[in-house]
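Look at the structure first, then read on.

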Amino acid sequence: MTSRRKIIKTLGIGPAFFLVPQLPEVTKDLETNFRYCLNTSTIRGQNPGILKYVEIASKAGYDGIELWIEDIKSYLEEGNSVKKLSKHIQDHQLRVENAIGFAPWMVEDGAQQKAGFAQMKEEMEILADLGCSRVAAPGIGAKAPVDLFRAGQSYKDLLDLGRVTGVMPQLEFWGAFTPFHHLGQTLMVAAIANDPDARLLPDVYHLFRGGSGFEGLKMLNGNMVEIFHMNDYPADIPREKQEDKDRIYPGDGIAPLDQIIKDIRNMGGQKVLSLELFNPGYWKQDPLSVAKTGLRKMKEQVRLALG
């Protein structure tokens, strides 16, 4: 049997090598860069129109905008072109970070799902021409209990479609939507898909409203989340009774934003913080003022959390 001393001599390693604990390779601390985005739901009650959405987001100082597909389609149905809209967005130095759509890709009925995929393909192609590389993929149309294994395979198919079109689906859950309301369900669907391009689209309100809580964010690495919907929720309404309209500016409620932002930062990678509100009180105000206030409050929360 070869002796330990002989192996050491053969390798040219001195005995002192074995007296020093082997340290892991030193790596840089995770760095997260934030971009700030306006989801147009925040000012949709004022109904300024898609061109004004862009102008307001730009003037307020955002880096990007999150458009609703129904608004894009309405614009096109009026005889306008994607090229014209794209130029308008570029002229205002914004990027379309994501789009909000409602194609029923998760339904179990075969005919409905086929139609849902066809709708998603059509919308992805429009978004690709607009320079948008992401689209929200909520579980709209699904019925409880959702077969998460089947949903995972459907999401895998949707990711395949995303690679063909160049617009990747961001798996989204809604806190008040019983069939698909919890971060745990979303994680399982992504795990079943077993795909390197799987992405989640978390939201402060939905994490709270659906009972997910916020500790699960620590399970997500930088590749899993690209966009995070920012908002807050009030203390005077029970969780189970809160609705989208109750969302308020970040920092005006009781959400643990300090820890949430730190956990997002610790994921590493580029992150888009997108302000998504549906508050009818804000819809009665000047939309530019609302957009500016939301951006200021998001940045303030990041500053307070990270120093």
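Start with helix α6, which spans residues 148-165. With three residues, helix α6 gives the most to the lining of the second largest pocket. Keep in mind that this model is predicted.

**Second largest pocket**
- This pocket holds about 160 Å³ of space.
- It is lined by 13 residues.
- Closest to its centre are Val 107, Glu 108, Gly 141, Ala 142 and Lys 143.
- The lining of the second largest pocket has five nonpolar, three polar and five charged residues.

**Largest pocket**
- The volume of the largest pocket is about 210 Å³.
- Its lining is made of 15 residues.
- Trp 174, His 206, Asp 244, Arg 247 and Phe 278 are the closest of these to the pocket centre.
- By type, the lining of the largest pocket divides into nine nonpolar, two polar and four charged residues.

**Cavity**
- How many cavities of 30 Å³ or more does a search of the whole structure find? The search finds one.
- The largest cavity contains about 30 Å³ of space.
- Ile 69, Ile 72, Lys 73, Glu 123, Ile 126 and Leu 127 line the largest cavity.
- Two elements, α3 (69-77) and α5 (110-130), each give two or more residues to that lining.
- Four residues of the cavity lining are nonpolar and two are charged, with no polar residues.

Key:
Residues are numbered from 1 along each chain as its sequence is written. This is a predicted model: local features need pLDDT of at least 70, side-chain atom pairs count only at pLDDT 80 or more; totals for chains, interfaces and linings use all residues. Side-chain values use heavy atoms; hydrogens and water are left out. On a 1 Å grid over the protein atoms alone, a cavity is a set of points where a 1.4 Å probe fits but cannot get out, and a pocket is an open set with protein on both sides within 12 Å along at least five of seven lines; lining residues have an atom within 4 Å of a point. Grid points are joined across faces, edges and corners, and a volume is the space filled by probe spheres set on the points. Ala, Val, Leu, Ile, Met, Phe, Trp, Tyr, Cys and Pro count as nonpolar, Asp, Glu, Lys and Arg as charged, and the others, Gly among them, as polar. Helices (H or I, at least four residues) and strands (E, at least two) are DSSP runs, numbered from the N terminus.
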